[in-house]
Amino acid sequence: MTFVVPFDGSNLAEAALVRAVEYGTALQEDVAAVTVVPERKGYARQKGWIEEGEAYDVEAVVESLRERVRSLAPDASFEYERIREFPPEAQLAEHVERLARAHDPSVVFLGSENVGRVVTPLTSVGVHVAAEETYDVFIVRHAGPPKVDTVEPHADFYRADDANGG
């Protein structure tokens, strides 16, 4: 089994990846980061992959995401899928779920401020990924170090002001 992290390069996706590595180290589980990259500028701008007016080089974005995963989780695998369209969030989540399920995850580590709240935005991929019942979901809501004593914090990820969880 594997810990899987949907990874889009956001701060909380990075925190989820780091948390998966921390728990993976403690529990001797492999970690895989999965990414879906729509080939449309709108999504790329929304995710902060490109600036307004900047040309969209999909391969450069994929390589940038791969390098970020490698820097935070050198032993993690990285898998991505390019899709031509910019689908609604539910359809995008289906692509993420398919990539995740291919790893037979024991837990999906999901970086999200919104998943699990009483009022959830309809435009959250995380809401749809978390609804999948074939795996457990660990929701990472902040980028602070783990609060479990037996889980060793990532050596390079946390800033000094994160030492107290925030």
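Visitor: Is F157 buried or exposed in this model?

Guide: Happy to start there. The model is predicted, and in this prediction F157 is buried, because its relative accessible area is 15%.

Visitor: How do I read a pair of aromatic rings?

Guide: A ring pair is described by the distance of the centres and the angle of the planes. For F157 and Y158, the centres lie 5.3 Å apart and the planes meet at 80°, so the pair is edge-to-face.

Visitor: How many aromatic pairs does the count come to?

Guide: The count comes to seven aromatic pairs. One of them joins Y23 and F109: it is tilted, with 6.0 Å centre to centre and 55° between the planes.

Visitor: Where in the chain do Y23 and F109 sit?

Guide: In distant parts: Y23 belongs to helix α1 (residues 11-27) and F109 to strand β4 (residues 105-111), 86 residues apart. Y23 counts as buried at 16% relative accessibility, and F109 is buried at 1%. Ring pairs also link F3, Y23, F109 and F138 into a cluster.

Visitor: Which residues of α3 are buried?

Guide: They are V58, V61, V62, L65, V69 and L72. Viewed down the helix axis, the buried residues of α3 fall within an arc of 100°, so they line one face. Their packing partners are α1, β2 (30-38) and β3 (77-83).

Visitor: What happens at the start of α3?

Guide: There, a side-chain oxygen of D57 comes to within 3.2 Å of the backbone nitrogen of E59.

Terms used: Residues numbered from 1 in each chain as written. Predicted model: local features only at pLDDT ≥ 70, side-chain atom pairs only at ≥ 80, totals over all residues. Heavy atoms only, no water. Phe/Tyr/Trp six-rings, centres within 6.5 Å; stacked < 30°, edge-to-face > 60°. Helix = DSSP H or I, 4+ residues; strand = E, 2+ residues; numbered from the N terminus. Buried < 20%, exposed > 50% of the residue type's maximum accessible area, 1.4 Å probe, protein only. Arc of directions from axis to C-beta. Contact = heavy atoms within 4.5 Å. Polar contact = N/O pair within 3.5 Å; in protein donor to acceptor, adjacent residues only side chain to side chain.
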